[in-house]
Amino acid sequence: MRKLYLNQAALSAKATTVIRDANNDSRYLLVGKWGLRADVLSVYTIDGALEGEIKQETLGLLPKFRLIYHRQTVGHVSKTFGVIREVLFVRGLNWVIMGNINSGHFSITHGRESIASIDRVSQSGGGTIELTVDQPDHEALVICLASILDRWGKKSQGSALTVRPLWSPHALPSNGVTPISKKE
């Protein structure tokens, strides 16, 4: 199993993201954006060879994505509703992604076999995502999945609306204005 590291700040900036291994050697480049229909995130080796892509097919609350490996569609993934734990299915590959959007920890399995784990780790240089992948053939696809899971995590943390009541008792202003109450 090899460990790869993604910089969260670079993911949110929609810039080219360099994916490094445990020895801090550059292994992959993640290029592109998503959020609109037909947007693509592409994973390239450092040599420039296209390894994998994830294409957004639909918009809305439950967007759908197509996973492409070496220019062939290998699976589809879509967001589902979940309360505490998220469970996603990668159709075509028969992978199950289980984890928690808020903590940033996910595990990807195929039956009882572990494919990868995705963890947010804190470092002094900002947030980092650690990927532990079982096979080199799965690395590009796991990088694609980690990038959209990170984005969904940021969206769910930022989408909590502050609830403010329409009226709440509070101290009256000191400018002398007092409410008028009508007695019957």
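I began at Gly 52, which stands opposite Tyr 69 in β6. The model is predicted: I took local features only at pLDDT of at least 70 and side-chain atom pairs only at pLDDT 80 or more, while totals for chains, interfaces and linings use all residues. Residues are numbered from 1 along each chain as its sequence is written, and side-chain values use heavy atoms, with hydrogens and water left out.

**Strands**

I looked up the pairing around β6. Strand β5 (residues 50-56) pairs with strand β6 (residues 64-69) in the antiparallel sense, over 5 bridges. Pairing here requires that DSSP finds at least two bridges between two strands. On to β7 (residues 72-78): β6 pairs with β7 over 6 bridges, again in the antiparallel sense. In this pairing Arg 66 stands opposite His 76 in β7. β6 and β7 form a hairpin with 2 residues between them. I noted His 70 in the turn, with a positive phi of about 50°.

I then listed the elements. The protein chain has 2 helices and 12 strands. Both kinds are DSSP runs numbered from the N terminus: helices are H or I with at least four residues, strands are E with at least two. The order from the N terminus is β-α-β-β-β-β-β-β-β-β-β-β-β-α.

**Salt bridges**

I searched for a side-chain nitrogen of Lys or Arg within 4 Å of a carboxyl oxygen of Asp or Glu. The count comes to 5 salt bridges. Lys 3 and Glu 130 form one of them, at 3.8 Å, N to O. This pair links distant parts of the chain: Lys 3 is in strand β1 (residues 2-7), Glu 130 in strand β12 (residues 126-133), and they are 127 residues apart.

Is Glu 130 buried or exposed? Glu 130 counts as buried because its relative accessibility is 15%. The cut-offs are under 20% relative accessible area for buried, over 50% for exposed and partly exposed in between (1.4 Å probe, protein chains only). Lys 3 is partly exposed at 34%.

Glu 57 and Arg 66 meet at 3.0 Å, N to O. Glu 57 is partly exposed at 24%, and Arg 66 is partly exposed at 26%. Asp 25 and Arg 27 meet at 3.9 Å, N to O. I found Asp 21, Asp 25 and Arg 27 linked in a network of salt bridges.

**Core**

Which residues touch the most other members of the largest nonpolar core? They are Leu 131 and Leu 145, in a core of 37 residues. A core is a set of buried Ala, Val, Leu, Ile, Met, Phe, Trp, Tyr and Cys residues joined through side-chain atoms within 4.5 Å. Helix α2 (residues 139-158) gives the largest share of this core, 10 residues.

I followed Leu 145 beyond its neighbours within four places in sequence. Its contacts (heavy atoms within 4.5 Å) include Ile 54, Leu 67, Val 77 and Trp 95. Over the protein chain, buried residues make up 38% of the 184 residues.

**Surface**

Last, I checked the surface. Val 87, Phe 89 and Met 98 make a nonpolar patch of about 240 Å². Patches take residues with over 30% relative accessible area and no salt bridge; like charges are joined within 9 Å, nonpolar side chains (Val, Leu, Ile, Met, Phe, Trp, Tyr) within 5 Å. Phe 89 lies in strand β8 (residues 86-91) and is partly exposed at 45%.

Terms used:
Accessible areas come from the Shrake-Rupley method with a 1.4 Å probe; for residues, only the protein chains shown count as cover.
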